[in-house]
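I opened the notebook this morning with a plain wish to see how this fold is put together. Here is what I looked up, entry by entry.

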Amino acid sequence: MIKAAADAVCLAVVALPAGLCRFEALFSDRGDLFVLFGQGISLVPGLPGNWLRRAFGRLTLDGCAADCQIGFLSWFSSRHAQVGARVYIGPLSVIGDAEIGEGSLIATRVSILSGRSQHAHGPDGRLIPFSRDRAAYVTIGRNTWIGEGAIVMADVGDHCIVASGAVVTATVGAGQVVGGNPARVIRTLDSPADPLASTGKTGDGVMMLCKEKGKSMA
């Protein structure tokens, strides 16, 4: 009951800025107000900040589960993002046009970009600013772990592990462990549904371990 009450209070607090963002979406795809308020709410530390960011996401994103966690200084650059149930997003992460599947863990300082072809050179050689027609939608599968400092520009399947600092530029199939720049397959998990079966631990165990590490980083 206390948690439900806290969530209700946070929804009320962010209702006005969220309403302004929805009004903005009727007339523009730029999302200036969405980014402004999102970055402002990202500055709130601790548990209250997590609740406020989640509430703001529930009212503004295309989809945001009521039990996800969004860390300090993390924000969304696109309102078209979707966050599944039990997702953990660590501090200092930036999410673009992306869907994060249920149970996935996003570590600290992760960037999930809106594809890898957001900019181009014009006839005069100057870079063309970002535009919606060049954005791509990136999907992160279920129960996938994205390591600290990774940059993701392409789809990652279910039950994957992306090593810390990896740069994902090509699709990662289900159950694969990838690392490096550009990211390459290190190995394929024997049982995607249970990544640590060979070590005597369960998939639920690795998810809990990741969450504990993520919370310690926060």
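Before looking at strands, I noted the rule for pairing: two strands pair if DSSP finds at least two bridges between them. Helices (H or I, at least four residues) and strands (E, at least two) are DSSP runs, numbered from the N terminus.

**Ground rules.** I am working on a predicted model, where local features need pLDDT of at least 70, side-chain atom pairs count only at pLDDT 80 or more, and totals for chains, interfaces and linings use all residues. Residues are numbered from 1 along each chain as its sequence is written, and side-chain values use heavy atoms, with hydrogens and water left out.

**Entry 1, strand β17.** I found four bridges between β17 and β18 (residues 184-188), and the two run antiparallel. Gly179 sits opposite Arg184 of β18. Four residues lie between the strands of this hairpin, and there Gly180 has a positive phi near 100 degrees. I then turned to β15 (residues 161-162), which runs parallel to β17 and is joined to it by two bridges; Val162 has Val178 as its bridge partner. Which way do the residues of β17 (residues 176-179) point? Gln176 and Val178 point one way, Val177 and Gly179 the other, and all are buried (under 20% relative accessible area, with exposed over 50% and partly exposed in between; 1.4 Å probe, protein chains only).

I count four helices and 18 strands. Of the 218 residues, 42% are buried.

A nonpolar core is a set of buried Ala, Val, Leu, Ile, Met, Phe, Trp, Tyr and Cys residues joined through side-chain atoms within 4.5 Å. The largest one has 38 residues, and Phe76 and Ile112 have the most contacts inside it. At least two core residues come from each of α1 (2-25), α2 (32-42), α3 (46-60), β7 (98-100) and β12 (138-140); α1 gives the most, with four. Setting aside neighbours within four places in sequence, I listed the contacts of Phe76 (heavy atoms within 4.5 Å): Phe34, Leu61, Ile70, Ala81, Val83, Ile89 and Ile95.

Which residues of α1 are buried? They are Ala6, Asp7, Cys10, Val14, Pro17, Ala18, Cys21 and Glu24. Their cover includes α2 and α3. An α-helix has 3.6 residues a turn, so residues three or four places apart point the same way. I also noted a kink of about 50 degrees at Ala15, shortly before the proline Pro17; the bend is the angle between axes fitted to the seven residues ending there and the seven starting there.
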